[in-house]
Every structure is written in structure tokens, then in C-alpha cells.
Amino acid sequence: MDMKSWKVLLVDDEDEFVQTLAERLEMRGIDAAWASDCATALELVHKERFDIALLDVKLPSMNGLELKRLIEADCPWMKFIFVTGHGSEEDFNACSAESGRDFYLIKPVQIEVLVQKLNEVFAGAGEQP
């Protein structure tokens, strides 16, 4: 799948961080939407088809792993990358069990590293339905 055809959902409670990340992905030709809370993220997932979600591990109403499970129930094709500013070993182990150890990023996320991780996720996933 060509990088320019990806649709990425970014979910993080830090508005400025997630909005800036979405804009930087858009500048690279990647279609990105963002949400700063779980309810909005779930609404977006029900309205649009996304290929991948970047989820903050620590969100106010539920954690990123719980949100992943809710999204995955409706969208089993989606892939996930987790991001956190609180890189604890417990978070790392939980996210690694869910998505593989390579798909866990520590804030601040450099855009080049994120694009590389997106490429790795899609390379490992093969073509999407």
C-alpha cells in the first residue's frame, strides 16, 4: 500500500502535540485525522475507515490499550502504534504484548521516526482489504 493512500488516526490528550503531528503527516502526503479524547476517536472510527491508529497509552477516560480493543472490535483490519510520555517498563510490556515491541514510541515523537514506524507496520501487514 502506497504511503500516500494511508489514512491515519492520531489520539492523544495533548491537543497541540496531536494536532501538530497530524499537520506534519499531512505535509508528507499522509491523510491524518486526530482526536484528543476517546469518545471523539470512536466517533471518527465509526464515520471513516482508517488503516492505522497512533494511540497515547495514558488517556483520561480509558487507557490506549482499552481504546485499541474497542476500535479493533469494529475495525479488525486496523493496525496500531502506541505512544507515551511516561515510558514505564509496565507500559512498554503491555503495549508490546498488544502490538509488538517495535510499535511503541516515546514522546516527543520525531516525525521521521513515526513515518518509519508507519512504513514498518504496513510492510509487516501486507496489503489491506
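Trainee: Buried means under 20% relative accessible area, exposed means over 50%, and partly exposed is anything in between. So where does Glu-72 fall, with its relative accessible area?

Mentor: Partly exposed, at 30%. Keep in mind that this is a predicted model.

Trainee: Noted. What does Glu-72 form a salt bridge with?

Mentor: Lys-68. The closest N and O atoms are 2.9 Å apart.

Trainee: And how are Lys-68 and Glu-72 placed in helix α3?

Mentor: They sit four residues apart in that helix, which spans residues 64-74. That is about one helical turn.

Trainee: Is Lys-68 buried or exposed?

Mentor: Buried, because its relative accessible area is 4%.

Trainee: Let's zoom out. How many helices and strands does the protein chain have?

Mentor: Five helices and five strands. Along the sequence they run β-α-β-α-β-α-β-α-β-α.

Trainee: What share of the residues is buried?

Mentor: 47% of the 129 residues in the chain. The chain exposes about 6,500 Å², and carbon and sulfur atoms supply 50% of that.

Trainee: And contacts? What percentage comes from residues 24 or more positions apart?

Mentor: 64%, counting contacts in the chain with a separation of 6 or more.

Trainee: Back to charges. How many salt bridges does the structure hold?

Mentor: Eight. One of them joins the side chains of Asp-31 and Lys-7, at 3.1 Å from N to O. Asp-31 lies in strand β2 and Lys-7 in strand β1, so the pair ties together parts 24 residues apart in sequence.

Trainee: Are those two buried or partly exposed?

Mentor: One of each. Lys-7 counts as buried, at 16% relative accessibility. Asp-31 is partly exposed, at 33%.

Trainee: What does the side chain of Asp-12 meet in a salt bridge?

Mentor: The side chain of Lys-107, at 2.7 Å from N to O. Asp-12 is in the loop between β1 and α1, and Lys-107 is in the loop between β5 and α5, so the pair ties together parts 95 residues apart in sequence. Both Asp-12 and Lys-107 are buried.

Trainee: Which residues are linked with them in a network of salt bridges?

Mentor: Glu-14 and Asp-56, alongside Asp-12 and Lys-107.

Trainee: Which way does the peptide bond from Lys-107 to Pro-108 go, cis or trans?

Mentor: Cis, with omega near 0 degrees. Pro-108 is in the loop between β5 and α5.

Trainee: New topic. Which residues form the negative surface patch?

Mentor: Asp-13, Asp-15, Glu-16, Asp-37 and Glu-43. Take Asp-37: its place is the loop between β2 and α2. Asp-37 is partly exposed, at 31% relative accessible area. A residue needs over 30% to be in a patch.

Trainee: Last one, Val-18. What does it touch, not counting residues up to four places away in sequence?

Mentor: Leu-10, Val-11, Asp-12, Trp-34 and Ala-35. Val-18 is in helix α1.

Trainee: Buried or exposed?

Mentor: Val-18 is buried, with a relative accessible area of 1%.

Trainee: What separates the C-alpha atoms of Val-18 and Ala-33?

Mentor: 9.3 Å, and 15 residues along the chain.

Methods. Residues numbered from 1 in each chain as written. Predicted model: local features only at pLDDT ≥ 70, side-chain atom pairs only at ≥ 80, totals over all residues. Heavy atoms only, no water. Helix = DSSP H or I, 4+ residues; strand = E, 2+ residues; numbered from the N terminus. Buried < 20%, exposed > 50% of the residue type's maximum accessible area, 1.4 Å probe, protein only. Contact = heavy atoms within 4.5 Å. Areas by Shrake-Rupley, 256 points an atom, 1.4 Å probe, with all protein chains shown as cover. Patch = residues over 30% accessible without salt bridge, like charges linked within 9 Å, V, L, I, M, F, W, Y side chains within 5 Å. Salt bridge = Lys/Arg side-chain N within 4 Å of Asp/Glu carboxyl O. Lys, Arg positive; Asp, Glu negative; His and termini not counted. Charge placed at Lys NZ, Arg CZ, Asp CG, Glu CD.
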